[in-house]
Amino acid sequence: MWPTGVSAYDPDVPGTYNVYFQVSDSNGVVARSEIQVLIGGAQPAFAPVAPSVTPDLIQADDSGTFYNDDVTNVNLPTFDVQCTDPGHLIKLYSDNPLANSQVGSHQCGSLESEEAVAIEQAIVSVVLVDGLHNISYTETNVVGESAHSAVLPVIIDTVAPVMVVIDDIGDNFMAITGAGELDALIGVSGAVCNNAPLTADVNGDWSCELSSPLNELDVVDALATDLAGNVSLRGSAVVQHVNVAPSFSLNCTIDATDVTGINSSLIFFPAYAYGFSVGSVNESVQNYLMTIAPAVGGDPDGLITSMSINNNGDLTLVVDITKNSVATVELTMQDDGGTALGGVDTSKVTFNVHHYADLYMDPNFMHLDPSDPIYKNYFEICRQ
Ligand SMILES: [Ca+2]
Ligand SMILES: [Ca+2]
Ligand SMILES: [Ca+2]
């Protein structure tokens, strides 16, 4: 005879049942064997329950500006989790690079006391790629069922900000380009910024409000530290004030000539000033104006009637040819950079205009009396 049975079986009640097999011989001797069978139902008592605690990135691995912002450059981070049964397996998941990527597992430890209902566990992930990870975990029960915990968004960032580039240095506004990361902290040396601490905006830009003007050739450098604690290469710049003095040259190698004929009072010299510069390469947008005037006390005889120069350096003088004398004039180039912070916007050069009339014997000029002299006007300018 081979009776079989199940102890206290209620098909509506999931649970653990003892199933036995029994055999008896003709003498009434019974042999029995039992096994335990787990029966799940529509609502099993051990249905998977999502862990009640969200995973937490441990402070020691939450690098950078804040230890609790879950932005870190530690790409093998450890998370604190909870489990409830020593027999359960914890599995750690990320949605990056793929949904439900398992990135760690850990056997749940023992409850610290009989009253304890949860076990704190630390679980180390595998290497996480840079980017946003929505981290969750499951606690797998004895029948292999599990549910995900709530999600912890974590940003892994192992990339340093690009090198800081300093520009617009030298006036009251100093700005940076190229930090390239929102909220990067900017450290400046060589200058004191009233608005420190400085952080980069969404474009990576920042500005430093100088507490005092910088001097020409001062060196300022800066570096960016991102939220995860990565540090950029150090960018450096030399202070060059935005208004370096303009400059030009004079063509003094040739004397001006009387272009309109013997005894004319007008002399014209094209491009007598040349080689105009408004300052440094940073000032290329500046405009300039050339002006000319007698130096103070420089024309005692009233030699020069009028004078002008244009921005191409073309010089026009009208002189009183009855005067044999020298006048000193002043040529000025002024750019529009202003003079703030010790800048220089003007450059002056003085030179002489020399007029004299002299006897001139023209071999082709047929005078009635060839011995009669005539006069010709000579002009020399730029001769000191
Ligand atoms: Ca952090
Ligand atoms: Ca970064
Ligand atoms: Ca200038």
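Because the model is predicted, local features are reported at a pLDDT of at least 70 and side-chain atom pairs count only at pLDDT 80 or more, whereas totals for chains, interfaces and linings use all residues. Residues are numbered from 1 along each chain as its sequence is written, and chains are lettered from A and ligands numbered from 1 in the order in which they are written. The average pLDDT of the protein chain, where pLDDT is the predictor's confidence in each residue on a scale from 0 to 100, is 82, and 77% of the residues score at least 70. Over residues 41-45 the pLDDT is below 50, and this stretch has four contacts in the model beyond near neighbours in sequence, a contact being defined by C-beta atoms, placed from the backbone, that lie within 7 Å. Residues 257-262 likewise have pLDDT under 50, with eight contacts in the model beyond four places in sequence. Where pLDDT is low, the predicted coordinates should not be read in detail.

The secondary structure of the protein chain consists of zero helices and 27 strands, as assigned from DSSP runs numbered from the N terminus (helices, H or I, at least four residues; strands, E, at least two). Of the 384 residues, 26% count as buried; a residue is termed buried if 20 or more other C-beta atoms lie within 10 Å of its own, exposed if 12 or fewer, and partly exposed in between, with C-beta atoms placed from the backbone. Among contacts in the protein chain with a separation of 6 or more, 58% are accounted for by residues 24 or more positions apart.

One open sheet is formed by four strands in the order S15-S14-S17-S18, with antiparallel pairing, two strands being taken as paired if DSSP finds at least two bridges between them. Strand S15 (198-199) and strand S18 (235-238) each have a single partner strand and stand at the edges, so one side of each is left without a neighbour in the sheet. Within this sheet, strand S17 (residues 219-225) is joined to S18 by four bridges in the antiparallel sense, and Ala-222 of the model stands opposite Gly-235 in S18.

Ala-222 also takes part in the largest nonpolar core, a set of 20 residues in which Ile-166, Ile-186, Ala-191, Val-220, Ala-222 and Ala-224 have the most contacts; a nonpolar core is here a set of buried Ala, Val, Leu, Ile, Met, Phe, Trp, Tyr and Cys residues joined through C-beta atoms within 7 Å. Two or more residues of this core come from each of strand S13 (173-177), strand S14 (185-189), strand S16 (206-209) and S17, and S17 gives the most, with four residues. A second, separate core comprises 19 residues, including Ile-267, Met-290, Leu-303 and Leu-315.

A further set of pairings involves strands S4, S6 and S9. Strand S4 and strand S6 (residues 78-83) pair in the antiparallel sense over two bridges, with Leu-57 opposite Phe-79 in S6. Strand S6 is in turn joined by six bridges to strand S9 (residues 119-124), the two running antiparallel, and the bridge partner of Asp-80 in S9 is Ala-122. Asp-56, which lies in S4 (residues 56-57), is partly exposed, with 17 other C-beta atoms within 10 Å. Leaving aside neighbours within four places in sequence, Asp-56 is in contact with Phe-79, Asp-80 and Leu-152; Asp-56 and Phe-79 are 23 residues apart in sequence, while their C-alpha atoms are 5.2 Å apart in space.

Several loops contain backbone features of note. The peptide bond from Asn-96 to Pro-97 is cis, with omega near 10 degrees, and Pro-97 is placed in the loop between strand S7 (89-94) and strand S8 (101-107). Asn-100, in the loop between S7 and S8, has a positive phi of about 60 degrees although it is not a glycine, and counts as exposed with 10 C-beta neighbours inside 10 Å. A cis peptide bond, with omega of about 0 degrees, also joins Ala-196 and Pro-197, and Pro-197 is found in the loop between S14 and S15. Asp-70, which is not a glycine, has a positive phi of about 60 degrees; Asp-70 lies in the loop between S4 and strand S5 (71-72), and with 19 C-beta neighbours inside 10 Å counts as partly exposed.

Technical notes: Contact = placed C-beta atoms within 7 Å.
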